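Hi everyone, thanks for coming. Have a look at the screen while I get set up, and then I'll talk you through it.

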Amino acid sequence: GKVVLTNFITGIMIWLLTLLLIVPWIIYGTYWTFITYIVLFLWLTWEGARNHSKLLVTNRWWKTFGMVSVFFLLSFILWMTLGFVFYFFLWYFFYDFETFTVAENFVVEMLKNFTIDILASYFTICLFVLFVAYQSVYGWSIGEKNGTTKTWV
């Protein structure tokens, strides 16, 4: 419940920042990259998670933005490539695949969604590894300053 509430509130805040311009959305989206992992592993509230994530990224904003962008672009390129191969395979073996039955469309959609879920998990794992690296190097000093050091994982 806390993760859903945190992601919902942060999503609304990022959406409101998007209304201003794209620049604040990119800035704060990068600052709040790790809030889900902080709520899950450090048991902080949504506000504490936002603050802790911002403190982890502070002074490393460009590095974090670059790595998150690379993770996303790699996942996107891989998704586009596999999507192309998937639909080329359908076109090559089933020339008239637009006339599939409901069951055949269901199987095609399930395979496509399964592929997308696998690729999305790659992006999530990369972000988690980045969070663990940041938390292990920078997080304990932040927690000691604020008095919020907690044992995790």
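First, some housekeeping. This is a predicted model, where local features need pLDDT of at least 70, side-chain atom pairs count only at pLDDT 80 or more, and totals for chains, interfaces and linings use all residues. Residues are numbered from 1 along each chain as its sequence is written, and side-chain values use heavy atoms, with hydrogens and water left out.

So, what is it built from? The protein has six helices and zero strands, and along the sequence that reads α-α-α-α-α-α. Helices here are DSSP runs of H or I with at least four residues, strands are runs of E with at least two, and the numbering starts at the N terminus. Of the 153 residues, 28% count as buried. Buried is under 20% relative accessible area, exposed is over 50%, and partly exposed is in between, using a 1.4 Å probe and protein chains only. Now take contacts, meaning heavy atoms within 4.5 Å. Among those between residues at least 6 apart in sequence, 66% join residues at least 24 apart.

Next, how do the helices pack? Look at H2, residues 22-31, and H4, residues 46-57: their angle is about 95 degrees and their axes are 8 Å apart. An axis is a line fitted to C-alpha atoms, for helices over the stretch in contact, and angles run from 0 to 180 degrees between N-to-C directions. H2 and H4 are therefore roughly perpendicular. On that scale, under 35 degrees is roughly parallel, over 145 roughly antiparallel, 65 to 115 roughly perpendicular, and the rest oblique. H2 brings Tyr28, Thr30 and Tyr31 to the contact, and H4 brings Ser53, Lys54 and Val57.

H2 also packs on H5, at about 90 degrees with the axes 10 Å apart, which makes this pair roughly perpendicular too. Here Ile26, Ile27, Thr30 and Tyr31 of H2 meet Trp61, Thr64 and Phe65 of H5.

Let's stay with Thr64, which sits in H5, residues 61-93. Is Thr64 buried or exposed? Thr64 is buried, with a relative accessible area of 0%. Leaving out residues up to four places away in sequence, Thr64 touches Thr30, Phe34, Val57, Leu130 and Tyr134. Other buried residues in H5 include Val68, Phe71 and Leu90.

H5 also lets us do a quick check. At 1.5 Å a residue, its 33 residues should span 48 Å, and the end C-alpha atoms are 47 Å apart, which agrees. The expected span is 1.5 Å times one less than the number of residues.

On to the core. A nonpolar core is a set of buried Ala, Val, Leu, Ile, Met, Phe, Trp, Tyr and Cys residues joined through side-chain atoms within 4.5 Å. The largest one has 22 residues, and Trp32, Phe34, Ile38, Leu56, Leu130 and Phe131 touch the most other members. H1 (2-20), H3, H4, H5 and H6 (102-146) each supply at least two residues of this core.

Last stop, the loops. Trp43 lies between H3 (35-42) and H4, and has a positive phi of about 55 degrees although it is not a glycine. At 51% relative accessibility, Trp43 counts as exposed. Asn59, in the loop between H4 and H5, has a positive phi of about 70 degrees, and is not a glycine either. With 77% relative accessibility, Asn59 is exposed.
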